[in-house]
Amino acid sequence: MKIFLDTANLGEIREAARWGILSGVTTNPTLIAREEGAGFEETIRAIAEMVDGPISAETVSQDADGMVAEGVEYAAWHPNVIVKVPSTLAGIEAVSRLARRGIRCNVTLVFNPNQALLAALAGAFVVSPFIGRLEDISHDGMELIREIAAVFELDPDIETRILSASIRHPRHIVESALAGAHIATCPFGVLRQCMRHPLTDSGNAAFLADWRARQESDPPDQDE
Ligand code: E4P
């Protein structure tokens, strides 16, 4: 299971990149719009400088011609840019056309296994099932990942990776891995939460206290 960061915030990306566990970044128009200052291209180029892995940049056109034009432009920004298109018929056509030009695509907003299958057949590099948004409407996000993984497994020609998206909490990451996802793209806060455990905090505090107590009680060495 690889971990991507789901943000356009350069500060978050810089910090998470230092941890040494990041394999890529996903953005979307909402995440880009949330950040003030830098423009879209500038942001994507800056991310690509910080993280050596796939960086998803999403199209906003609603027709295939527009998506292809945007995709060709984005792909020229950096070799690691992945063109993100919505899971629509226009999106599938755009993926087919972009894939023929050697441009990798992330088909996003996947909510059923057929969307994932058609995206894979069109040549998508990754498909992004949105787990959290499905659970928001009381559907089983993990079952979607399991079904996509099972369908992909049946066809040896499918190399498309499953990227679990709309992750809301750390359990989603491990559940996605067990359900067959290859990648989880996580908000910064969820990644930070992954390393939190009260027993780690209390154990660490106790080790430190015991160490200091021993140092304070030891008589100073005669030779010093
Ligand atoms: C994935 O690429 C999307 O950017 C993201 O996971 C959307 O998640 P949300 O439901 O938290 O907006």
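Ring pairs join Phe 40, Tyr 74 and Trp 77 into a cluster. Here, rings of Phe, Tyr and Trp (its six-membered ring) count as a pair if their centres lie within 6.5 Å, with planes under 30 degrees apart called stacked, over 60 edge-to-face and the rest tilted. The model is a predicted one, where local features need pLDDT of at least 70, side-chain atom pairs count only at pLDDT 80 or more, and totals for chains, interfaces and linings use all residues. Residues are numbered from 1 along each chain as its sequence is written, and side-chain values use heavy atoms, leaving out hydrogens and water.

The structure holds five aromatic pairs. Take Phe 40 and Tyr 74, an edge-to-face pair with 5.1 Å from centre to centre and 90° between the planes. Phe 40 belongs to helix H3 (residues 40-50) and Tyr 74 to helix H4 (residues 64-75), so the pair ties together parts that are 34 residues apart in sequence. Helices (H or I, at least four residues) and strands (E, at least two) are DSSP runs, numbered from the N terminus. As for accessibility, Phe 40 is partly exposed at 24% relative accessible area, while Tyr 74 is buried at 4%. In these terms buried means under 20% relative accessible area, exposed over 50%, and partly exposed in between (1.4 Å probe, protein chains only).

Back to H3 itself: which of its residues are buried? They are Thr 43, Ile 44, Ile 47 and Ala 48. Looking down the axis of H3, these buried residues fall within an arc of 135°, so they line one face of the helix; the arc is that of the directions from the helix axis to the C-beta atoms. On the face turned away from that buried side sit the exposed residues Glu 42 and Glu 49. What covers the buried residues of H3 includes helix H1 (10-19), strand E2 (22-26), helix H2 (29-34), E3 and E4, with contact meaning heavy atoms within 4.5 Å.

The structure holds ten salt bridges, each being a side-chain nitrogen of Lys or Arg within 4 Å of a carboxyl oxygen of Asp or Glu. One of them joins Glu 58 to Lys 84, with the closest N and O atoms 3.6 Å apart. Since Glu 58 lies in strand E3 (residues 55-58) and Lys 84 in strand E4 (residues 81-86), this pair ties together parts that are 26 residues apart in sequence. Are these two residues buried or exposed? Both Glu 58 and Lys 84 are buried.

Other salt bridges sit within a helix. Arg 97 and Glu 93 form one, their closest N and O atoms being 2.9 Å apart. The two are four residues apart in helix H5 (residues 89-100), and so are separated by about one helical turn. Arg 97 is partly exposed at 25%, and Glu 93 is partly exposed at 40%. This pair also belongs to a network of salt bridges that links Asp 65, Glu 93 and Arg 97.

Helix H9 (residues 170-179) has Arg 171 and Glu 175, four residues apart and again separated by about one helical turn. Their side chains meet in a salt bridge of 3.7 Å, N to O. Arg 171 is partly exposed at 49% relative accessible area, and Glu 175 is partly exposed at 28%.
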